[in-house]
Amino acid sequence: MLENLLAVIREENLSEQLYHSLVGIKLTEQRVDQQGQLSRRPQPHAWANRPDHPYLRGGRRPSQITVVTEPNPNIGGILDRLDTLQTVAYRSLEGDDRIWPLTMPPVIDAAELASAGAGHQADWLTGVKLSYSLPDPVIHRLYSHYTADFDSVVAFKNELYFRVAQNFVRYQWLLTYLFGGAPLAEKGFLDTLPEIPQRPVRSLRHCGAFPTGTPVTYTSLGAHLGALQRLAATGDATPAGPVTLKGQPTPQDFLTGGIGYLEFNGFDNTPFTANGVSRHALYFLKTFMIYLLITPLPTTNLAAVLAAARQQNTAVALEQPDQPTQFQTAGEEIFQAMETMAHDLHAHTEQWGAIDDLAEVLTHPELTPAAKIMTHVTDQSLMDYGLRVANAWRYQRLNSDALLPVYRDLNARCQQFILTAMQAGVQFYQVKDEFGADLLMFTYQGVTQVLQERDTQTKTPRKQLQALFPELQF
């Protein structure tokens, strides 16, 4: 029903707007102490007991924190925000806590593992979730070419988003190969899961041994929503899948209100950048989403194709990190198709660079995150490496010459004011007025205050913030 979508995109000259689709990051990390053991400290006071905090939250385990960025059309903007929030998180940690850089946890006490119960190992895994949404003007301009096929723009929008979701299921294996970074677990962690191979793999997250909920089907939007509705009715089951539909309170509401955005689950953290996700990965993933959007689905046996794709993803996850994937030829075909698309849509230098570099990773498995991590293994453990990286990251964050490096052009008191606001859950944006001067926008519970740098030169930022937002509590 979405025939010739790429041609329509070209005809409407929408490539630039597609490149500015909104992307957001939800990054979960583990707090550890200076010995590399899971932190026993409560959540940092700066954001503890604030479940509605826009930026900083807890995780499934008490030792975890989650950093959440707003959606942003620019990769640079996303990474700047993520870097700032990571700095705020580090400067909020208490005692000697630091951030563990790996998806798999450090050594966990056997009693603690046992107390959580069998089958709960997935709760200790950390990682990245990526949100993605198409610009509304793009959706409406595309819809004008398909009014004969869809009764409403909502139905059309749902078709676009669900095609992306279905194709993500089809090709998730390629992302597991390119970005899988959980090759081994520390001693004792997998003792109750004997079916996992006792050798390094690409990603333990995707090996199929960690139950995360009840799998849901992606064969059609109706079937998917029906499965979600049945699980909601039982009240005791969590839906599990690589893509989550977002933007509506109940499954039924997606049919009338439409899918707002998609959330892609389960990317491994990378220890090779202090923000947990790399610039190249984001440029590639954003381009990959366009590829998923324009790629037609099989017209027959879709259920079988999707089921085979899930098995394919597990198979890739279980491959040895330093060996070529068994699906290299299929991966090369995907990259060739992406290159053709990038040419047709006049891709920017950054997109071409990401495609070219990751095409090389496809044919050189030693360049994958899992293989690179394995070079740091000592005595079948990553404890020494993980703690070394955690210490380096902590030193880098806390000894920077600027409190918030992204805002180093603002003076020190202004940076402290911004940090205090973000710790407390006040949303912050920096914009320019018509004369190029900085305007600092602070929003809390729907109230926005616009300040200039000179308005933030206080020695008591908490007191001033409470004057601006009387409902704010510290």
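Me: Which residue in strand 12 is the bridge partner of T443?
Reply: T448 is the bridge partner of T443. A strand here is a DSSP run of E, at least two residues, numbered from the N terminus. The model is predicted, so local features need pLDDT of at least 70, side-chain atom pairs count only at pLDDT 80 or more, and totals for chains, interfaces and linings use all residues. Residues are numbered from 1 along each chain as its sequence is written, and side-chain values use heavy atoms, leaving out hydrogens and water.

Me: In what sense do strand 11 and strand 12 pair?
Reply: Antiparallel, over five bridges. Strand 11 covers residues 438-444, and strand 12 covers residues 447-451. Pairing takes at least two DSSP bridges between two strands.

Me: What does Q445 do in that hairpin?
Reply: Q445 takes a positive phi near 50°. Two residues sit between the strands there.

Me: New topic. Which residues have the most contacts inside the largest nonpolar core?
Reply: F284, F288 and F442, in a core of 127 residues. Such a core is a set of buried Ala, Val, Leu, Ile, Met, Phe, Trp, Tyr and Cys residues joined through side-chain atoms within 4.5 Å. Buried means under 20% relative accessible area (1.4 Å probe, protein chains only).

Me: What does F442 touch?
Reply: Its contacts (heavy atoms within 4.5 Å) include F417, V447 and F469, not counting residues up to four places away in sequence.

Me: And T287, buried or exposed?
Reply: Buried, with a relative accessible area of 2%. T287 lies in helix 9, residues 279-294. A helix is a DSSP run of H or I, at least four residues.

Terms used:
Buried < 20%, exposed > 50% of the residue type's maximum accessible area, 1.4 Å probe, protein only.
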